[in-house]
Amino acid sequence: MTGAKAAREPTYRDALREALREALAADERVFLMGEDVGRYGGAFGVSLGLLDEFGPDRVRDTPLSESAFVGAGVGAAIAGLRPIVEVMTVNFSLLALDQILNNAATLLHMSGGQVAVPLVIRMTTGAGRQLAAQHSHSLEGWYAHIPGIRVLAPATLDDARYMLAPALADPDPVVIFEHGSLYNVTGTPDPGAAPVDLDSAAVRRAGSDVTLITHGGSLGKALEAAERLATDSIEAEVVDLRTLRPLDDATALASVARTHRAVVIDEGWRTAGLSAEVAARIAEQGFYDLDAPVERVCGAEVPVPYARQLEEAALPQVAGIVAAARRAVG
Amino acid sequence: MTRRTAADPHRGSLGPPGGREHRHDLLREMLRIRRFEERCVELYSAGEIRGFVHLCIGEEAVSVGVHQALTPEDSVVTTYREHGHALARGIPMAAVLAEMLGRVTGCSRGRGGSMHLFDVGRRFYGGHGIVAGGIPVAAGLALADRMRGRPNLTCCFFGDGAVAEGEFHETANLAALWDLPLLMVCENNLYAMGTPLAREHAQIDLAARAASYGLVAWAVDGMDVLAVERAVRRAAQAVREGAGPYFLELRTYRFRAHSMYDPDLYRDKAEIEQWKQRDPITLLTDRMRAEDGFDDAGLDLVEKEVSEELERAVEEAGKGGLEPPEDLLRFVYSPAGERP
């Protein structure tokens with residue numbers, strides 16, 4: 001056989017990189033900054049090649065100083081630039097939480113509307129790669145707790161590709177969570193895809209018997225669970241929240257009004273987590289639509305362990321989602 | 001090899017200090033801050049001003065001296081002890097006071113209070129309540145100027161306590177690494193709230209610590225407004241010319257407690273009295289008496305001018321309206337269609 005190799009299907013990583021490339025090319029105010037984003041190509045390979053294309057001023061390697069470079073992103077955003085700051089993982093982002101919560105999320109209000117912070121912060125989240133407890137947590141629920149920021153969780157290639165532009169156009173800080181298990185996922189890009197409406201959740205699968213509500217790295221598991229349930233003639237609707245703040249509860253509630261049963265799947269811890277917020281809203285606003293208690297499938301209440309069988313036991317799995325849906329359906 | 005060499009601002013020619021009129025202006029600026037804060041004490045005691053209120057009485061030479069060297073295009077980021085910086089920057093007294101009274105006419109619409117004064121038009125970016133939290137933001141403002149080729153600098157104020165925070169060290173490294181036009185002004189008043197310098201720092205020579213990152217770092221008498229001005233002018237010029245970040249340690253003292261809540265049990269009264277001998281306002285006044293023929297009548301005139309401004313400000317601030325609770329949730333997010 002001669003000629004070029006068949007083009008491989010793009011990955012989630014490729015989609016993120018293409019979004020960054022497009023953003024850097026489209027607006028000279030945009031620059032990318034973070035640990036190893038330049039010469040190394042990004043800890044997860046997302047920004048590979050962008051340094052050569054855009055130069056060290058706009059693809060800027062930083063020292064290991066999360067607070068300083070996230071804070072510098074805040075300042076640069078205030079001054080009219082459009083920084084994209086990569087913080088390798090959500091666990092590391094805790095070192096920058098002062099800048100994210102006390103400054104990025106707060107300055108607009110505290111200044112009486114004067115100091116807007118159009119900053120985008122990207123980071124990985126989630127477990128599933130045996131990275132143990134300091135590289136595996138799902139803390140997007142913590143960030144979703146904070147007024148003043150927008151929190152995104154792209155779960156699909158198209159969201160990875162088309163969430164960045166509207167995030168950069170948002171006048172306020174946006175935190176984007178990329179689930180670490182998604183980077184190598186391949187897919188066929190939707191040729192008609194357009195910038196994502198960041199205010200709306202997405203129904204990823206239609207169904208009539210139970211609603212599975214999830215986001216990010218758990219979407220694939222929820223869709224797989226739905227397929228298994230279908231073999232038992234249980235049709236599950238799958239809602240991808242995709243924007244965790246502001247939370248589009250209307251889409252989830254409309255689905256529950258059709259199916260009358262809800263399972264919330266969240267890799268974060270159950271106690272005081274995002275799943276609690278979603279379940280509470282269903283109880284508050286959709287109580288009379290329910291034919292069964294809201295089920296939750298969450299991360300176990302444990303720091304995520306290294307050993308494979310323990311890590312798997314700590315995370316929501318397809319079988320657990322299927323079992324919860326069956327309980328709900330009764 | 002060190003990247004830069006620290007220089008002593010007291011060595012060599014700094015050029016003549018400003019003339020008589022200039023000294024007069026400096027005195028008036030310091031008196032504005034002093035009398036304003038004394039009135040804040042009264043309003044606090046009367047229950048009109050609430051919350052944490054941190055006064056800079058005794059530190060006026062820092063606010064006034066530094067601002068002589070800044071242009072309107074420069075950016076300023078500061079701490080919660082910032083009434084002096086705000087007034088020296090030109091934010092109207094009435095807007096600062098209205099903010100402390102929680103009025104919608106305040107410079108942060110009553111959402112910030114004493115610790116969070118903002119005025120974007122004057123590039124005054126707070127008013128930060130987290131010790132050292134404003135320092136990285138200042139580096140970002142400086143980075144933006146550098147990336148866009150603008151000849152401005154960002155002046156960042158912080159206290160001696162902030163030098164123990166990681167954000168200071170991370171930012172000093174980042175700023176030196178990237179040659180940012182950042183002027184780091186450490187207002188060393190010897191106490192981090194109630195903890196004296198020697199109990200909070202293993203190395204109390206703060207300028208030496210900053211110099212270890214490659215910043216040019218000087219220590220300056222922060223009670224002498226003319227010395228402050230000279231040093232800052234020289235530093236600012238170098239920063240503007242691309243010499244990278246500078247660190248100035250301004251050695252000063254606050255005559256009052258950390259905040260209005262603070263019973264001030266940790267300092268010797270004798271120490272306070274000793275520092276009051278070097279009151280920056282008295283120091284400048286004495287010099288003006290000796291060199292400029294300044295006299296009591298001249299001082300009375302300045303005091304009268306300041307007093308009139310203050311009375312007008314108190315009256316105007318008191319007339320400011322209150323933002324209705326229905327507007328509580330405004331400014332959590334930018335209004336749609338108003339994208340900066």
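Guide: Before we start, a pocket here is an open set of grid points with protein on both sides within 12 Å along at least five of seven lines. Also, this is a predicted model.

Visitor: Okay, how much space lies in the largest pocket?

Guide: About 460 Å³. The pocket is lined by 33 residues, and those closest to its centre are Tyr80(B), Arg81(B), Val131(B), Met193(B) and His258(B).

Visitor: Which elements give two or more residues to that lining?

Guide: In chain B, they are strand S1 (75-78), helix H5 (134-147), strand S4 (154-159) and strand S6 (191-192). S4(B) gives the largest share, with four residues.

Visitor: And by class, what's in the lining?

Guide: There are 16 nonpolar residues, twelve polar and five charged.

Visitor: Staying in chain B, in what order do the seven strands of the open sheet come?

Guide: The order is S2-S3-S1-S4-S5-S9-S8, and the pairing is mixed. Strands S2 (118-119) and S8 (216-221) of chain B stand at the edges with a single partner strand each, so each has one side without a neighbour in the sheet.

Visitor: How does S8(B) pair with strand S9 of chain B?

Guide: They pair in the parallel sense, over six bridges, with S9(B) covering residues 246-251.

Visitor: Is helix H2 of chain B buried or exposed?

Guide: Eight of its eight residues (60-67) are buried, so H2(B) is largely enclosed by the rest of the structure. Among them are Glu60(B) and His67(B), along with Val62(B), Val64(B) and Val66(B).

Visitor: Switching to chain A: is strand S3 of chain A buried or exposed?

Guide: S3(A), residues 82-89, has eight of eight residues buried, so the rest of the structure largely encloses this strand. S3(A) pairs in the parallel sense with strand S1 (30-34) of chain A over five bridges, and Phe31(A) has Pro83(A) as its bridge partner. S3(A) also pairs with strand S4 (120-125) of chain A, again parallel over five bridges. There, Val87(A) has Met123(A) as its bridge partner.

Visitor: What's the order in the five-strand open sheet of chain A?

Guide: S7-S9-S8-S11-S12, with mixed pairing. At the edges are S7 (202-205) and S12 (295-299) of chain A, each with a single partner strand, so one side of each is left without a neighbour in the sheet. Neighbouring strands are turned by 25° against each other on average, direction ignored.

Visitor: How do S7(A) and S9(A) run, parallel or antiparallel?

Guide: Antiparallel, joined by three bridges. Ala202(A) stands opposite Asp240(A) in S9(A).

Visitor: Which strands does helix H10 of chain A lie across?

Guide: H10(A), residues 219-231, lies across S7, S8 (210-214), S9 and S11 (262-269) of chain A, at about 170° to S9(A). Helix H12 (274-286) of chain A packs on the sheet too, touching S8, S11 and S12 of chain A, with about 155° between its direction and that of S11(A).

Visitor: Last one: where is Gly330(A)?

Guide: Gly330(A) sits in the segment after helix H14 (318-329) of chain A. Its relative accessible area is 92%, and anything over 50% counts as exposed.

Key: Residues are numbered from 1 along each chain as its sequence is written. Chains are lettered from A and ligands numbered from 1 in the order in which they are written. This is a predicted model: local features need pLDDT of at least 70, side-chain atom pairs count only at pLDDT 80 or more; totals for chains, interfaces and linings use all residues. Side-chain values use heavy atoms; hydrogens and water are left out. Two strands pair if DSSP finds at least two bridges between them. Axes are lines fitted to C-alpha atoms, for helices over the stretch in contact, and angles run from 0 to 180 degrees between N-to-C directions. Contact means heavy atoms within 4.5 Å. On a 1 Å grid over the protein atoms alone, a cavity is a set of points where a 1.4 Å probe fits but cannot get out, and a pocket is an open set with protein on both sides within 12 Å along at least five of seven lines; lining residues have an atom within 4 Å of a point. Grid points are joined across faces, edges and corners, and a volume is the space filled by probe spheres set on the points. Ala, Val, Leu, Ile, Met, Phe, Trp, Tyr, Cys and Pro count as nonpolar, Asp, Glu, Lys and Arg as charged, and the others, Gly among them, as polar. Buried means under 20% relative accessible area, exposed over 50%, partly exposed in between (1.4 Å probe, protein chains only).
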